[in-house]
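Work through the exercises below with the sequence and the model at hand. Each task is followed by a solution in steps.

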Amino acid sequence: MLLSRRQRWRRWRRSRPFWGGLFAILAGAWICVLPLAPLKIMLQQGVAGIPSVLMGIVMVVLGLTAWFSPPQRGLAGVLTTLIATAALVLSNLGGFLIGTLLGILGGGLMFAWQPYAAQRAGTGAEPDPAPVPAPAPAAVAVAVPASDKGRAQDLDETPVPAPVPPRASAPVPPRSAPPPPTPHSDPQGAQP
């Protein structure tokens with residue numbers, strides 16, 4: 001039962017931009033909580049606290065949107081990045097830069113996430129259709145007598161690959177020649 005829960009959690013996490021949503025939620029929470037901190041930590045209290053709380057709540061909602069509605073991840077990623085950048089100016093340096101950096105990272109991860117990208121790259125369960133092995137080139141070694149050691153440095157001692165025979169291919173149909181120009185036609189389109 002524990003293994004099935006772990007497998008379900010892993011499947012759920014991989015089927016959506018989990019890390020991007022998590023970073024966006026953390027950034028939103030950090031930006032939202034700072035204006036509510038004690039006055040010793042807070043740089044400026046008052047009007048600056050309202051945009052901070054609103055931007056933080058919106059970033060948390062965008063992170064949850066990426067989790068529970070993966071098709072909307074592109075819009076959520078772009079908006080998260082824009083709000084995190086705006087928080088740099090409007091909200092105590094974006095939560096002392098931590099919220100802005102987490103928001104930009106989360107927005108970028110949400111926008112860049114692709115569903116089932118590992119299977120598209122060829123690491124999925126489906127094997128490649130009929131792989132064709134390439135013929136290995138034969139190597140020819142050059143033997144140098146012991147008396148010619150001075151000249152051996154001048155020779156290239158790397159193996160030389162043998163020529164690969166061409167593969168059999170389907171016959172190429174002959175090309176048809178273009179029609180000859182008539183005396184009254186000009187290939188440039190000019191009139192006689």
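**Exercise 1: a serine and its surroundings**

Ser52 counts as buried because its relative accessibility is 0% (buried means under 20% relative accessible area, exposed over 50%, partly exposed in between, with a 1.4 Å probe and protein chains only). The model is a predicted one, in which local features need pLDDT of at least 70 and side-chain atom pairs count only at pLDDT 80 or more, while totals for chains, interfaces and linings use all residues. Residues are numbered from 1 along each chain as its sequence is written, and side-chain values use heavy atoms, with hydrogens and water left out.

Task: state which element holds Ser52 and which residues Ser52 touches.

Solution.
1. Ser52 lies in helix 3 (residues 49-68); helices (H or I, at least four residues) and strands (E, at least two) are DSSP runs, numbered from the N terminus.
2. Leaving out residues up to four places away in sequence, Ser52 touches Ile31, Cys32, Pro35, Leu90 and Ser91 (contact means heavy atoms within 4.5 Å).
3. Ile31 and Cys32 are among the buried residues of helix 2.

**Exercise 2: helix 2 against helix 6**

Task: describe how helix 2 packs on helix 6.

Solution.
1. Helix 2 (residues 18-33) has 16 residues and spans 22 Å between its first and last C-alpha, close to the expected 22 Å (1.5 Å times one less than its number of residues).
2. The axes of helix 2 and helix 6 (residues 98-112) come within 7 Å and cross at roughly 155°; axes are lines fitted to C-alpha atoms, for helices over the stretch in contact, with angles from 0 to 180 degrees between N-to-C directions.
3. Helix 2 is therefore roughly antiparallel to helix 6 (angles over 145 degrees count as roughly antiparallel, under 35 as roughly parallel, 65 to 115 as roughly perpendicular and the rest as oblique).
4. The helix 2 side of the contact includes Trp19, Phe23 and Trp30, and the helix 6 side includes Leu102, Leu105 and Leu109.
5. The contact residues divide into twelve nonpolar, six polar and no charged; Ala, Val, Leu, Ile, Met, Phe, Trp, Tyr, Cys and Pro count as nonpolar, Asp, Glu, Lys and Arg as charged, and the others, Gly among them, as polar.

**Exercise 3: helix 4 against helix 6**

Task: give the angle, the axis distance and the residue classes for helix 4 and helix 6.

Solution.
1. Helix 4 (residues 73-90) packs on helix 6 at about 165°, with the axes 7 Å apart.
2. The two helices, helix 4 and helix 6, are therefore roughly antiparallel.
3. Among the contact residues are Arg73 and Thr81 of helix 4 and Gly107 and Phe111 of helix 6.
4. By class, the contact has eight nonpolar, nine polar and one charged residues.
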